[in-house]
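Trainee: Hi! Could you walk me through this one? I'd like to ask questions as we go.
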Amino acid sequence: MQLPMKITTWNINGVKARLEAALAYLRQESPDVICLQEIKSVDEGFPAEAFQDLGYNVATHGQKGFNGVALLSKLPLEDVTRGLPGDDGDLQSRWIEALVPAGDKMLRVVSLYLPNGNPIGTEKFSYKLAWMKRLQAHAASLIADETPLVMAGDYNVIPEPEDAKRPEAWVHDALFQPESRRAFRALLNLGLTDAIRTCHPEKGVYTFWDYQAGAFQKNDGIRIDHLLLSGNAVDMLRSSGIDKFTRAAEKPSDHVPVWVELAA
DNA sequence: ATGGTCGATCGTCGA
């Protein structure tokens, strides 16, 4: 494996609206792998060439208008799988996984976009919980496979009160419901580690700030973008971080990039 | 504060 290897996740909220911002970020930070969410594009509309020109292999799982995930990697992307197993009738594009050969090691990387689930009490919330149940089952099988796993993305879950500037404002939101938080803890209980929590246990660490009401200026944020690592991937964890500076740029996404550095 | 902001798409939904 390259020393170190950087894996980043970023909900870019529209690849067409964010193309220049994404290219600028990749030129500056040069992650080895980047997991994108909310590309809001069909596969044919994804500007793959612009990313290939920066040296990235591209794999997408898009849909028209909403959702959509992608993996970009300077190393090859092998055995690409699209769609979260467990419901053949689920047509929403929220999951892509691949194997990345990194030197003498193999790594499994996932880009996931967990359903938002609002408003609670509707089929959207039950879809979120059902999706998380499927996620738990599939994560267990990936862990059992013993290939080091980095499961990254927009989880749309605020795990704990300290993951919000104003937790009281989220009490009636799907992102902070007890059922959502319990399902997230069930993932950790499989043996997955929240890399940002581990490396940055302090308060005030957020990855999303709403566009409305000057949330970023007030640091009124939440931490909902996570990198969950299997035990054998945690053994390689060197550092992690949140690139908050992108939120202050022109035409920002409401989410910022979150990353881990791994080394053999 | 009874709005407020974005993106995809072109009236309105999703976040």
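**A chat about the structure**

Trainee: Let's start inside. Which residues is Leu71 in contact with, leaving aside its neighbours within four places in sequence?
Mentor: Leaving those neighbours aside, Leu71 is in contact with Val33, Cys35, Ala59, Leu77, Ile96, Ala98, Val109 and Ser111. Please keep in mind that this is a predicted model.

Trainee: Good to know. And which members of the largest nonpolar core touch the most other members?
Mentor: Leu71 is one of them, together with Val109 and Val150. That core has 71 residues.

Trainee: Let's move on to the sheet. How many strands form it, and in what order?
Mentor: There are 6 strands in an open sheet, and the order is E3-E4-E2-E1-E14-E13. The pairing is mixed.

Trainee: Which strands stand at the edges, and why is one side of each left without a neighbour?
Mentor: Those are strand E3, residues 57-61, and strand E13, residues 237-242. Each has a single partner strand, so one side of each has no neighbour in the sheet. From one strand to the next, the twist averages 15 degrees.

Trainee: What holds paired strands together in general?
Mentor: Strands of a sheet pair through backbone hydrogen bonds, in either a parallel or an antiparallel way.

Trainee: Then how do E1 and E14 run, parallel or antiparallel?
Mentor: Antiparallel: strand E1 (residues 5-11) is joined to strand E14 (residues 258-262) by 5 bridges. In this pairing, Met5 stands opposite Leu262 in E14.

Trainee: Now the loops. Where does Thr246 lie?
Mentor: Thr246 is in the loop between E13 and E14.

Trainee: Is Thr246 buried or exposed?
Mentor: Thr246 has 21 other C-beta atoms within 10 Å, so Thr246 counts as buried. Not counting residues up to four places away in sequence, Thr246 touches Tyr25, Pro252, Val256 and Pro257.

Trainee: What about Asp32, buried or exposed?
Mentor: Asp32 is buried, because 23 other C-beta atoms lie within 10 Å. You'll find Asp32 in the loop between helix H1 (19-29) and strand E2 (33-37). Asp32 and Ala102 are 70 residues apart in sequence, while their C-alpha atoms are 9.9 Å apart in space.

Trainee: Which residues other than glycine have a positive phi?
Mentor: Asn13 is one of them, with phi near 50 degrees. Another is Asn67, where phi is near 55 degrees.

Trainee: Where are those two found?
Mentor: Asn13 is in the loop between E1 and H1, and Asn67 is in the loop between E3 and strand E4 (69-73).

Trainee: Why is Asn13 partly exposed and why is Asn67 buried?
Mentor: It comes down to counting. Asn13 has 17 other C-beta atoms within 10 Å, so Asn13 is partly exposed. Asn67 has 20 within that distance, so Asn67 is buried. The cut-off for buried is 20 or more.

Trainee: Last topic, the DNA. Which residues come nearest to DNA strand B?
Mentor: Gly14, Ala17, Lys40, Tyr211 and Gln212 come nearest, out of 14 residues around DNA strand B.

Trainee: And how do the residues of that surface divide?
Mentor: Near DNA strand B there are 4 nonpolar, 5 polar and 5 charged residues.

Notes:
Residues numbered from 1 in each chain as written. Chains lettered and ligands numbered in written order. Predicted model: local features only at pLDDT ≥ 70, side-chain atom pairs only at ≥ 80, totals over all residues. Pairing = 2+ DSSP bridges. Helix = DSSP H or I, 4+ residues; strand = E, 2+ residues; numbered from the N terminus. Axes fitted to C-alpha atoms, helices over the stretch in contact; angles between N-to-C directions. Near = placed C-beta within 6 Å. Nonpolar A, V, L, I, M, F, W, Y, C, P; charged D, E, K, R; others polar. Core = buried A, V, L, I, M, F, W, Y, C linked by C-beta atoms within 7 Å. Buried ≥ 20, exposed ≤ 12 C-beta atoms within 10 Å, placed from the backbone. Contact = placed C-beta atoms within 7 Å.
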